Amino acid sequence: MFLVTGATGTAGGAVVRELARSGEPVQALVRKPDAVVPGAEPVVGDLNDPASVPFEGVTGVFLLSGYADMPGLLARARSAGVERVVLLSGGSAALADLHNAVSRYMTLSERAVRESGLAWTFLRPRAFMSNALRWLPQLRAGDEVRVQYPEVPAACVDPGDIAAVAVRALRGGHEGRIYDLTGPEALLPAQQVTVLGRVLGRDLRAVGLSDEETRAEMAAAMPAEYVEAFAQFYAEGRLDEATVHPDVAEVTGRPPRKFEQWARENADAFR
């Protein structure tokens with residue numbers, strides 16, 4: 001039995017669907033008893049309260065980073081008989097920058113997993129293709145899309161590719177491996193907007209925000225320490241998300257999907 005955390009989110013939901021398609025037994029960890037996760041049996045627990053998580057009968061866990069007591073959570077998993085953990089981390093974990101809020105929680109999560117005694121695999125995806133959904137309110141209002149950090153290219157990854165790698169790791173044979181997950185090409189935000197416009201049959205125009213405008217937008221949506229973290233990554237260039245890595249293809253045996261493929265499959269979400 002596999003337990004998927006973050007099952008109602010983008011990556012966790014994709015992992016649930018991938019496991020269900022392949023006929024694997026899967027439980028989806030949810031916080032609310034009435035939550036519905038297609039393809040999985042929902043089980044209630046809170047990752048910030050390790051004692052509440054039902055690890056019994058679980059052999060592998062797809063785990064998100066950044067919870068309050070990662071060592072305690074992992075000790076609870078090991079004592080319940082869990083054998084392996086596939087941790088969703090990120091590229092900034094490699095920076096090991098404990099002064100950066102995002103890098104810190106990813107670094108400490110990876111450290112806790114390494115020290116847990118469980119077999120582990122780390123997934124370090126770069127920006128998700130599904131982040132383009134944040135433009136939905138602007139697309140409903142018109143054809144102009146204001147983009148943050150317009151000069152920063154990213155080899156964004158399809159969440160479905162993350163899930164494909166995660167499922168293979170959950171089955172075993174990838175212990176002690178770190179996978180950098182990207183798409184096959186690095187695109188600027190304006191190039192993503194152009195692709196999206198072509199898919200939707202709309203003449204979309206990207207307008208780049210200044211760093212100051214970007215900070216103001218982000219400050220309205222997240223804590224200040226995360227705004228500063230992303231400014232360090234992108235305005236100061238500390239995080240490389242443009243390099244294309246071969247790991248998706250090496251693990252799955254097929255090339256990673258392009259942004260246009262993701263956009264076509266998800267076009268209805270933009271309409």
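A: Strand S5 (residues 84-88) pairs with strand S6 (residues 119-125) in the parallel sense, over 5 bridges. Here two strands count as paired if DSSP finds at least two bridges between them, and helices (H or I, at least four residues) and strands (E, at least two) are DSSP runs numbered from the N terminus. Within this pairing, Thr-121 of S6 is the bridge partner of Val-86. The model is a predicted one, in which local features need pLDDT of at least 70 and side-chain atom pairs count only at pLDDT 80 or more, while totals for chains, interfaces and linings use all residues. Residues are numbered from 1 along each chain as its sequence is written, and side-chain values use heavy atoms, with hydrogens and water left out.

S5 and S6 belong to an open sheet of 7 strands in the order S3-S2-S1-S4-S5-S6-S8, with parallel pairing. Its edge strands are S3 (41-44) and S8 (177-181), each of which pairs on one side only. On average, neighbouring strands of this sheet are turned by 25 degrees against each other, direction ignored. Axes are lines fitted to C-alpha atoms, for helices over the stretch in contact, and angles run from 0 to 180 degrees between N-to-C directions.

Two helices pack on this sheet. Helix H2 (residues 70-79) touches strand S4 (60-64) and S5, and its direction makes about 170 degrees with that of S4. Helix H3 (residues 101-114) touches S5, S6 and S8, and its direction makes about 160 degrees with that of S6.

H3 also packs with helix H8 (residues 224-235), at an angle of about 95 degrees and with the axes 7 Å apart. H3 is therefore roughly perpendicular to H8, a term that covers angles of 65 to 115 degrees. On the H3 side the contact (heavy atoms within 4.5 Å) is made by Ala-101, Val-102, Ser-103 and Tyr-105, and on the H8 side by Glu-225, Tyr-226, Ala-229, Phe-230 and Phe-233. By class, the contact of H3 with H8 has 7 nonpolar, 1 polar and 1 charged residues. Ala, Val, Leu, Ile, Met, Phe, Trp, Tyr, Cys and Pro count as nonpolar, Asp, Glu, Lys and Arg as charged, and the others, Gly among them, as polar.

A further parallel pairing joins strand S7 (residues 144-147) and strand S9 (residues 205-208) over 4 bridges. In S9, Gly-208 is the bridge partner of Val-147.

Methods:
Buried < 20%, exposed > 50% of the residue type's maximum accessible area, 1.4 Å probe, protein only. Parallel < 35°, antiparallel > 145°, perpendicular 65-115°, else oblique.
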